[in-house]
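Please keep the sequence and the model in view while reading.

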Amino acid sequence: MSNTAKMYCQVFGTILVAVGLLDIVFPGIWGLFAEQTWVTRALHTLGGAYVAYVGWSGSEGSQMKTAQVLGVIALVAAVLGFVFPSLLDTLSITDGTNFNIVYAIIGLGGVYVGWMGTKKA
């Protein structure tokens, strides 16, 4: 089970870093998504770097906890983005429905993977 949390952290951490860095170098590259703000770029890049680091260097427990925390944060951002879209736009955290869908996928994956490994066989 821990390999799943490890892989989740490695994959999503790397993706978040790539998204943040690519949008810094090529603003508005994503087409389907609105242009990211500096807050969003920083959250993706720095948060992704931490998640990826834990994925490659962290203990099994820290990988599971990181997946849980990232999952909960992403789900909260997705739910708030769907329910109160203007709130997160004002805070420069999300840029529309497409980001909310992506955050929901990342969140559901993190919550599932993070708590899946805590079950005893």
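## A buried threonine

Thr45 has a relative accessible area of 15% and is therefore buried; buried means under 20% relative accessible area, exposed over 50%, and partly exposed in between, with a 1.4 Å probe and protein chains only. The residue belongs to helix H2, which covers residues 38-57. Helices (H or I, at least four residues) and strands (E, at least two) are DSSP runs, numbered from the N terminus. The side chain of Thr45 reaches the backbone oxygen of Arg41 at 2.8 Å. This is a polar contact, a pair of N or O atoms within 3.5 Å; within protein, one must be able to donate a hydrogen and the other to accept it, and residues adjacent in sequence count only if both atoms are side-chain atoms.

Which residues does Thr45 contact, leaving aside its neighbours within four places in sequence? They are Leu16, Val17, Gly20, Leu21 and Ile24, where contact means heavy atoms within 4.5 Å.

## Basis of the values

The model is predicted: local features need pLDDT of at least 70, side-chain atom pairs count only at pLDDT 80 or more, and totals for chains, interfaces and linings use all residues. Residues are numbered from 1 along each chain as its sequence is written, and side-chain values use heavy atoms, with hydrogens and water left out.

## Overall fold

The chain contains five helices and zero strands, in the order α-α-α-α-α from the N terminus. Of its 121 residues, 37% count as buried. Among contacts with a separation of 6 or more, 70% join residues 24 or more positions apart.

The chain has an accessible surface of about 6,800 Å², and carbon and sulfur atoms account for 74% of that. Accessible areas come from the Shrake-Rupley method with a 1.4 Å probe; for residues, only the protein chains shown count as cover.

H2 has 20 residues, which should span 28 Å at 1.5 Å a residue, and its end C-alpha atoms are 28 Å apart, in agreement. The expected span is 1.5 Å times one less than the number of residues in the helix. Besides Thr45, the buried residues of H2 include Arg41, His44, Gly48, Val51 and Val54.

Pro27 sits in the loop between H1 and H2. With 48% relative accessibility, Pro27 counts as partly exposed. Its C-alpha lies 10.0 Å from that of Arg41, 14 residues away in sequence.

## The nonpolar core

The largest nonpolar core has 16 residues, and Tyr8, Cys9, Ala67, Leu70, Tyr103, Ile106 and Val113 touch the most other members. Such a core is a set of buried Ala, Val, Leu, Ile, Met, Phe, Trp, Tyr and Cys residues joined through side-chain atoms within 4.5 Å. Helix H1 (2-25), helix H3 (60-83) and helix H5 (97-116) each supply at least two residues of this core. H3 gives the most, with six residues.

The whole structure holds one aromatic pair. The ring centres of Tyr8 and Phe12 are 4.7 Å apart and the planes lie at 45°, so the pair is tilted. Rings of Phe, Tyr and Trp (its six-membered ring) pair if their centres lie within 6.5 Å; planes under 30 degrees apart count as stacked, over 60 as edge-to-face and the rest as tilted.

Tyr8 and Phe12 are four residues apart in helix H1 and thus separated by about one helical turn.

The 24 residues of H3 reach 34 Å from first C-alpha to last, close to the 34 Å expected at 1.5 Å a residue. Its buried residues include Met64, Ala67, Leu70, Gly71, Ala74 and Ala78. Gly61, also in H3, counts as partly exposed at 45% relative accessibility. Gly61 and Lys6 are 55 residues apart in sequence, yet 9.8 Å apart in space, C-alpha to C-alpha.

Ala104 lies in H5 and counts as buried at 19% relative accessibility. Leaving aside neighbours within four places in sequence, Ala104 is in contact with Leu75 and Ala78.
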